[in-house]
Amino acid sequence: MAGTSRYPSRTGGVLTAVAHHHEWYLSPFDRNGRGNAMADTALADITVLDLTHHIAGPYCTKLLADFGADVIKIERPDGGDPARRYGPFPHDEPHPEKSALFLHLNTNKRGVTLNLKTSAGRDLFKALVQGVDVLVENFSPRVMPHLGLAYETLEALNPRLVMMSISNFGQTGPYRDYRAQDILIYAMGGPMRATGVAEREPLKMAGNLMQYQAGTMAATAAMVGIFAARLHGIGQHIDLSLFETHVGTVDRRSTYLTAYAYAGEESTRQSQGPQGALPRGIYPCLDGYICIYVTDEWWPRLAHMLERPDLLTDPRFATPLARRNPEHQPEFDAIFYPWLLERTKQEIMERAQAARVLLTAVNTPEDVLHDRHFQARGFFVEVEHPVAGCVTQPGAPFRMTATPWSVRRPAPRLGQHNEEIYGGRLGLSREELVVLREQGAI
Amino acid sequence: MGKLPLEGIRILDFTVVWAGPFATMLLADFGAEVIRVESLQYFPSVTRGLLPRPDAALARQLAGYAGAYPERDPGSRPWNRHPMFNPHARNKLGMTVDLSRPKGRELFLKLVRLSDVLVENHSARFMENLGLTYDVLSQSKPDLIMVSMPAFGMSGPYKYYQGFGVNVESVCGLTWLRAYPDGDATETSSTLHMDAASGAGTAFAILAALHYRQRTGKGQFIDFAQAENLMQQIGEILMDYPMNGRSQRSLGNRHPVMAPHGCYPCRGHDRWVIIAVADDAEWERFCQAVGNPPWVRDARFADSANRYRHQDALDAHIAAWTQQHHPWEIMERLQGAGIASGPVMRETDLFTDPHLKARGFFQIVTHPEAGTHPYPGIMWQMSKTAATIRRPAVRLGEDNDYVYRELLKLSEAEIAALRAEGHIGMDFLGKDTPHAHDS
């Protein structure tokens, strides 16, 4: 039976030694044999119970669903996921089935309603959790234990369950019950202190990036949990804290922290500006802005882009020392700015890239949707939704050649799959569902 | 100790800078055998530092973290001591080989045949120039999983476009959406989110592909277009344009709906606190927490919609209050009332933070050439297959013996020859300026 045979341990471990049908790796919960029938999606044999709401949790389960996992999204019967109340909405008219945020985050999931505050609801939940590989939740840490649904309880029902708990500050610690918003996670866990200009307040990142990023980390963590379950028969509780995953992120964050530990170096806010005549940062052009970075080595390419070979021999710009002289900055600007202001950002970018200058357009959302590269790639897709109609939304985050991303179904309507799941999976009759509805359990 | 989940998986790590190494770090931490493929000839820019051998005087002049070697001393092997590299290189192995020569390519192909995954994040031309594309490598190893992380994708008009992370983010709309709304767009600092998004996303992609291969035996190529992955994270913002013809602008530190929501000045130099009040119930608690001063009862602040409209006045009042306090005082008081608030953290704050201490997040690690320091630890906690930093940041060529003797099974004579030819070693041989191969 799947799960009882373990992969034999080997030295120098290369899993490729086993090239054939890996029966032992299939899920005992893969009732429909989807693992074989739907071998064209990467995660077809994984079943996920999705208790998440808003952004971080749903983005985690969206990644799993978009690459083939069977994700059952549980929403409260009154109103559902709060994200349904966040816009943008078509014509700015709020409607729980038309939220762009909800439609983007919940592709490929089936949806049921469930009220965990009723004992009938909790019984249904316990029945469901026995038949899944993964449970993902992003409640504040007190909630699941308070409902009698702590990991220890669920482990007894399903020993190989991977329970992925996503929270702002983790399941333990002095800040455990602290509230957070995206801006706070960025301030505490991200390099906000180094974002913006020295003369002003620190600046947050766009939108809800901290939460989306946590969702991606959680999807990775869930997969690690699945490997532990499938390869080693180990189920467990995973505790992912937005605060920690951001503090430990490998980019400027981990670099600044280590620079401080090594040499007492602290991060600061600085605007990106030119170095003498070497242009760096954001510059205005005819229809907006461009972003550029030029080093000494690349000066000839810049001269070529501007069709000004004289800049190579002009004593103000001919040598690295001359270029870095701050007095020569206005003289170069007097050449550069007018050139930029006569051309559109797209035109400048194309000329720059042809000359191998590191310059790109600063695109607005409108520019992005019209961008010829993303159009050629077919990045944005149109998803047909029964209530919202045809919705343009982002497509694949990455392209797998053998198991491509796809939208097999749009975001679910509230309670859309109650009969399919409670009837089909748990074998409940219609009468029983009516009773449960009357009890307020679903 | 117990098993780690990803034991038995071998990953060839041909990554640079941050995005690629972040992905492989997540996998190495949980038990995958990650082998960095590096060379003694080629010093990729901004990976093991900015320059291979800066002298101490130069290190002291370099701004920011560029020269932040331990005690600002580059040491005899600066490439093993840089803060850009050491935090992500833990739990990994490292070997050296010169891929520009046929012998090096031959050795690399042998190594590919013994590995499950190859991941690289060079520009789109790089692997093509080396003749090491998926088409070639999958002939050596049909079930190989290979991931490339090009800025814009392995197809399309921008395939060969060049830029730093901030350039790619500009094309995606992130730069436009992060600006002081009342300021000049040209004064926005360059800050990056792409490396974070790409690193986490690529680790997920690799595990998805490995999971599929476990079931079916099939490998594949993954085109991880960093720009496209990144745009997922501003999905709802971009959707406003096709949905409503509205091209959104930056809100700065403000929120589409919540007020107050911002970054306020505190006592002390360059000290700031975040305050975000989600709804009317929180607003009531906020009023109590700040001692019910008369101004909170102003009709302009009575409900969410009005607070939103009169944010400028609201922010001015709040700033006058926050300026009298330290950020931690404010955090304790407001969090005690169930309101999102906290300091804009500095590095010192994080290393001494009581919550991170209680969670054991930072780990003290002794590195043979960089000394003993605290490092950010493991990114999530697993109750039964806990991970730790088991090995410090890998030094250049540190595992050459293991790779060449045990994996590739070369003889002593062959290894000696490769050492003499400059494939195998632990000291960078190239000139003192980095080879800008990716330009």
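**A walk from helix 1 of chain B**

Start at B:Gly31, which comes after helix 1 of chain B and has a positive phi, near 110°. This is a predicted model, where local features need pLDDT of at least 70, side-chain atom pairs count only at pLDDT 80 or more, and totals for chains, interfaces and linings use all residues. Residues are numbered from 1 along each chain as its sequence is written, chains are lettered from A, and side-chain values use heavy atoms, with hydrogens and water left out.

Now step back and select helix 1 itself, residues 19-29 of chain B. Helices here are DSSP runs of H or I with at least four residues, strands are E runs of at least two, and both are numbered from the N terminus. Eleven of its eleven residues are buried (under 20% relative accessible area, 1.4 Å probe, protein chains only). Show its neighbours next: the buried residues pack against helix 8 of chain A, and within chain B against elements including strand 1 (10-14) and helix 7 (194-216).

Hop over to A:Asp239, in strand 6 (residues 236-241) of chain A. Is A:Asp239 buried or exposed? A:Asp239 is buried, at a relative accessible area of 7%. Its side chain reaches the backbone nitrogen of A:Gln171 at 3.3 Å. A:Asp239 also touches B:Arg359 and B:Gln381, among others.

Terms used:
Buried means under 20% relative accessible area, exposed over 50%, partly exposed in between (1.4 Å probe, protein chains only). A polar contact is a pair of N or O atoms within 3.5 Å; within protein, one must be able to donate a hydrogen and the other to accept it, and residues adjacent in sequence count only if both atoms are side-chain atoms. Contact means heavy atoms within 4.5 Å. Lists of a residue's contacts leave out its neighbours within four places in sequence.
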